[in-house]
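I opened my notebook with a simple wish: to see how this chain is put together.

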Amino acid sequence: MGNTLRAIIAFIPSDDCQKYLLGDLEEMPTDRTVDLSSRQLRRFPLHVCSFRELVKLYLSDNNLHQLPPELEQLQNLQILALDFNNFKALPLVVCTLKQLCILYLGNNKLCDLPQELSLLQNLKTLWLESNCLSYLPEVVCELSLLKTLHAGSNALCTLPAGLRCLQELRTIWLSGNLLADFPPVLLHMPFLEVIDVDRNAIRSFPSLAHLPGLKLVIYDHNHPSRNSPKVARGVRRVGRWAEETPEPRKRSELGREEETDDKELPLPPDKQPQPC
């Protein structure tokens, strides 16, 4: 009943109704964090822009589709969560928040990103999953400090060659896209530690054994994949044939019942992939 009531009140523009949605938020919290997630908000509360020292702002799971220009006053903001809203375009005011380190944009309706995103040169984590992206915007390649990129559940068919310029990138999540080939640019990114291409349509995997930083590759649910990626010893694989030799046995070998099937040794605990 609470969410239903909030949804109704959200259409009423009176100050009293807005206070009901926001709760007790007259002054900036001592932890410099404001969490307005799941409040059925349809417009951003302007008085939050007066919290000049705010560091974290969570607006997830609302009905927002735009943000006021006054948001630019929050120049100390480091984390901004806009996921699970109704944004069809990223509000340009977000690109003025130059201290942002983490930006959540997942589960919106974004088809592109503005060139102004390149102004966020402190950005280290970018979440773009579950949008309407048919390509990864080139501007992402200009985020020189980016370490983690979540771009799963879109409609990506390829990746831009400029991605190899992101020498700080360590983790890339691409599950649930439309990749028919393993993105060639990833073969030229030796600093990558985690590659996730689960739930695509990759037909054949190249060797990844030359990537010295790789710790984990997730490649399951790719159909009709003919092989698994070769990896260096100690790299964890998640997918079909993951427990076999890096290349599955050839069909001509399947009838040789007496032939020993080499298997990789179980990984010791200190080699297990660490959470990001």
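**Ground rules.** I am working with a predicted model, where local features need pLDDT of at least 70, side-chain atom pairs count only at pLDDT 80 or more, and totals for chains, interfaces and linings use all residues. I number residues from 1 along each chain as its sequence is written, and side-chain values use heavy atoms, with hydrogens and water left out.

**Elements.** I found 2 helices and 10 strands in the chain. Both are DSSP runs numbered from the N terminus: helices are H or I, at least four residues, and strands are E, at least two. Along the sequence I read the pattern α-α-β-β-β-β-β-β-β-β-β-β.

**The sheet.** What order do the strands of the open sheet take? They run β1-β2-β3-β4-β5-β6-β7-β8-β9-β10, with parallel pairing; two strands pair if DSSP finds at least two bridges between them. At the edges I noted β1 (33-35) and β10 (236-238), each pairing on one side only.

**One pair up close.** I picked β6 (residues 148-150) and β7 (residues 171-173), which run parallel and are joined by 3 bridges. For L149, I traced the bridge partner in β7 to I172.

**Burial and surface.** Of the chain's 276 residues, 44% count as buried, meaning under 20% relative accessible area (1.4 Å probe, protein chains only). I logged an accessible surface of about 14,600 Å² for the chain, 52% of it belonging to carbon and sulfur atoms; the areas come from the Shrake-Rupley method with a 1.4 Å probe.

Conventions:
Buried < 20%, exposed > 50% of the residue type's maximum accessible area, 1.4 Å probe, protein only.
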